[in-house]
Amino acid sequence: MSNASVQQLTFDLGHRTAQGRDDFLIAPSNEDAVAWIDRWPDWPAPALVLHGPAACGKSHLAAVWADQTDAAAIAPSDLAQIPADELFARGAHLVIDGVDPWIGDRASETTLFHLYNMAREQGHTLLLTFRVPPSRLDFAVADLASRLRAAPAVAIHAPDETLLGAVLVKMFADRQLQVGQDVMTYLLPRMERSFAAARDLVTRADALALAQKRAISVPLVRDVLTQMQGEF
């Protein structure tokens with residue numbers, strides 16, 4: 001069977017990302033966010049806003065908090081479709097991961113506004129994650145804007161090389177892939193320094209290794225980097 005035929009027969013079998021507290025890698029870029037999570041329930045407002053770029057660890061840290069507090073996860077799209085009282089009844093504490101796309105949608109903002117108020121009245125808490133802080137977004141509901149802009153907001157910043165290397169190793173390990181130090185030494189100075197790029201690179205390397213039945217090696221990741229750079 002040719003390599004082309006082999007590539008056509010590969011399937012994305014998925015993988016399970018480790019989301020436990022022990023799997024979260026703490027570094028200077030995210031230690032403030034971790035401190036806020038550890039500070040719960042001593043938050044000065046009913047909501048905490050956690051913001052940062054794609055794949056920076058927001059969802060992972062939100063999952064850690066949800067496990068710590070037994071919080072219920074609300075899909076952001078539910079804000080536009082389900083009444084606030086029904087969402088509020090799902091748990092004493094709620095986490096909504098990825099709110100940004102729904103800011104500007106009046107129905108969604110109205111539901112979130114009611115959730116905020118109900119949480120404040122009943123001593124519950126919300127953890128909300130965004131790509132950017134609420135201060136940079138245009139709201140349709142002014143009262144929600146004022147509440148979220150006044151709520152504590154903490155950023156997860158771009159990773160330094162040490163953290164990025166650890167994240168890469170974890171992402172490969174989540175896919176049951178082992179990488180040598182030679183691969184890491186090659187990759188780190190050559191790749192874009194972002195969590196999103198790391199996730200993209202690992203996904204592509206996994207697919208290429210599977211399709212061509214190759215190990216994760218320097219030549220393989222060189223092919224991946226060349227492929228990624230060719231798209232810009």
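This is a predicted model: local features need pLDDT of at least 70, side-chain atom pairs count only at pLDDT 80 or more; totals for chains, interfaces and linings use all residues.
Figure 1. Lys 170 is buried, its relative accessible area being 16%.

**Figure 2. Salt bridge between Arg 175 and Asp 206.** The closest N and O atoms of this pair are 2.8 Å apart. The pair joins distant parts of the chain: Arg 175 belongs to the loop between α7 and α8 (181-187), whereas Asp 206 sits in helix α9, 31 residues apart. Arg 175 is buried at a relative accessible area of 17%, and Asp 206 counts as buried at 18%.

**Figure 3. Packing of helix α7 (residues 161-174) against helix α9 (residues 195-212).** The two axes come within 10 Å and cross at roughly 35°, and the crossing is right-handed. Residues of α7 in the contact include Leu 163, Val 167 and Met 171, and those of α9 include Phe 195, Arg 199 and Val 202. By class, this contact comprises 11 nonpolar, no polar and one charged residues.

**Figure 4. Salt bridge between Arg 90 and Asp 78.** The side chains meet at 3.3 Å, N to O. Arg 90 lies in the loop between α4 (84-88) and β3 (93-97), and Asp 78 in the loop between β2 (72-74) and α4, 12 residues apart. Arg 90 is partly exposed, with 41% relative accessibility, whereas Asp 78 is buried at 15%. The whole structure contains five salt bridges.

Methods: Residues are numbered from 1 along each chain as its sequence is written. Side-chain values use heavy atoms; hydrogens and water are left out. Axes are lines fitted to C-alpha atoms, for helices over the stretch in contact, and angles run from 0 to 180 degrees between N-to-C directions. Helices (H or I, at least four residues) and strands (E, at least two) are DSSP runs, numbered from the N terminus. A crossing is left-handed if the near helix is turned anticlockwise from the far one by less than a right angle, and right-handed if clockwise. Contact means heavy atoms within 4.5 Å. Ala, Val, Leu, Ile, Met, Phe, Trp, Tyr, Cys and Pro count as nonpolar, Asp, Glu, Lys and Arg as charged, and the others, Gly among them, as polar. A salt bridge is a side-chain nitrogen of Lys or Arg within 4 Å of a carboxyl oxygen of Asp or Glu. Buried means under 20% relative accessible area, exposed over 50%, partly exposed in between (1.4 Å probe, protein chains only).
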